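Student: I'd like to learn how to read helix packing. Could you walk me through it?

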Amino acid sequence: MTSPAGADFRLRDIWLAAYGPSVVSSVGHGAVMPVLALRARDLGADVGTAAVVVAMLGIGMLVTSLPAGALVARIGERRALVGAGLLDAVAMTLAATSSSVVALAGAVLLSGMAWTVFLIARQGFLIDAVPVRWRARAMSLLGGSFRIGVLVGPLLGAALITQWGIPGVFWLAAALALASAALGGIVPDLGGEVRARARAEGHLSVLSVVRTHRRTLATLGVAVVILGASRSLRASLLPLWADHVGLSASVTSLIFAFAAALDVAFMWPGGWLMDVRGRMVVAVPVVASMGLGCLLLPLTSTAAGVTAVMALIAVGNGLGSGIVMTLGADTAPVAGRAQYLGAWRLCGDVGNSGGPLLVSAVAAVAPLATACVVVGGLVLAGTGWVGVWTRRLDLAGR
């Protein structure tokens with residue numbers, strides 16, 4: 001592999017190691033995402049409870065973020081990838097065979113726990129493997145590899161649903177999680193020397209790392225909470241609205257696939273903009289497009305209308321591919337990096353779980369259209385905070 005610090009660095013030299021496991025695992029997650037709420041509904045959940053089931057993915061990530069950072073610091077990215085893949089395969093098998101909403105929620109929680117370990121391991125690998133001048137583009141492609149999964153997954157899911165119903169999608173995800181674990185086993189482990197030194201000197205505690213960087217986590221970290229909350233709404237609010245207006249599960253999957261294609265189309269321009277123009281220029285559109293999309297969603301009643309709103313959200317989301325990971329890499333210390341990235345993931349996971357929970361809370365006492373408006377207004381209000389703190393990071397970097 002060409003040295004990442006050299007002038008001759010090329011992303012294609014690390015392509016398989018950096019992005020292979022992510023693409024494979026994300027196809028499974030992408031297939032599950034548009035039908036998770038529908039699976040809960042089939043098991044007897046009402047709209048509010050279905051949103052809670054979707055939120056369990058974010059909650060699993062949330063409760064595991066800090067210990068996952070400590071785990072990756074000790075065992076390394078490669079072992080973390082293998083373990084996460086195996087755990088996710090178990091979770092998806094349980095989701096496919098569950099006969100109650102509670103069992104499904106538990107399986108989704110377990111999947112979220114595996115996913116956060118996977119994400120921290122992937123982010124740490126790229127920080128080591130890629131020079132700073134390429135960081136946003138590399139992280140954007142990592143985010144894009146997840147989006148490729150969200151593009152391909154729903155297409156495969158739509159085909160499986162017609163033959164084996166919604167549970168078939170979860171069996172697909174289980175198989176792909178195993179394949180991801182196998183690919184993770186061949187990824188080079190670049191942090192061996194750092195871990196050996198940390199073992200000799202003593203690992204930093206998560207709490208000490210959080211204390212040292214508490215100002216960054218309380219300012220830019222809150223911006224990441226807002227980013228996470230806005231992005232999580234697509235997986236919870238939009239499928240529920242599609243079901244509300246009478247769209248079938250297969251049509252909903254195809255709409256998600258179209259939106260994922262737009263995500264993929266805009267990921268490289270977004271990474272280039274971040275490297276050349278700064279982080280704020282893409283962070284703000286991510287949040288603003290989601291807020292506006294939520295406000296427009298109650299005006300739709302057809303597949304075409306829902307698709308148009310999804311397209312708007314996808315453009316902003318695609319430009320911001322990898323933005324959270326890039327911001328985390330920008331601010332991560334050398335000592336205690338994995339522990340810090342765990343705390344960084346916690347900020348994003350608070351948003352990931354908070355968005356669907358907010359939808360559930362509002363939907364429990366008001367019509368779904370009201371939930372769209374309330375959530376959209378709150379997301380738009382958070383755009384200013386995101387703009388201020390990402391702008392300050394850009395200025396500090398110059």
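Student: At what angle do the axes of helix 3 and helix 9 cross?

Tutor: Two packed helices are described by the angle between their axes and the distance between the axes. Here the axes of helix 3 (residues 47-97) and helix 9 cross at roughly 150° and come within 9 Å. Axes are lines fitted to C-alpha atoms, for helices over the stretch in contact, with angles from 0 to 180 degrees between N-to-C directions. Helices are DSSP runs (H or I, at least four residues), numbered from the N terminus. Helix 3 and helix 9 are therefore roughly antiparallel (an angle over 145 degrees). By the way, this is a predicted model: local features need pLDDT of at least 70, side-chain atom pairs count only at pLDDT 80 or more, and totals for chains, interfaces and linings use all residues. Residues are numbered from 1 along each chain as its sequence is written, and side-chain values use heavy atoms, leaving out hydrogens and water.

Student: Which residues make the contact?

Tutor: Val-47, Ala-50, Ala-51 and Val-54 of helix 3 touch Ala-235, Ser-236 and Leu-240 of helix 9, where contact means heavy atoms within 4.5 Å.

Student: And how do helix 9 and helix 13 pack?

Tutor: Helix 9 (residues 214-244) packs with helix 13 (residues 323-331) at about 165°, their axes 10 Å apart. That makes helix 9 roughly antiparallel to helix 13.

Student: Which residues meet there?

Tutor: From helix 9 come Thr-216, Leu-220, Val-224, Leu-227 and Arg-231, and from helix 13 Ile-323, Val-324, Leu-327 and Thr-331.

Conventions. Helices (H or I, at least four residues) and strands (E, at least two) are DSSP runs, numbered from the N terminus. Angles under 35 degrees count as roughly parallel, over 145 as roughly antiparallel, 65 to 115 as roughly perpendicular and the rest as oblique.
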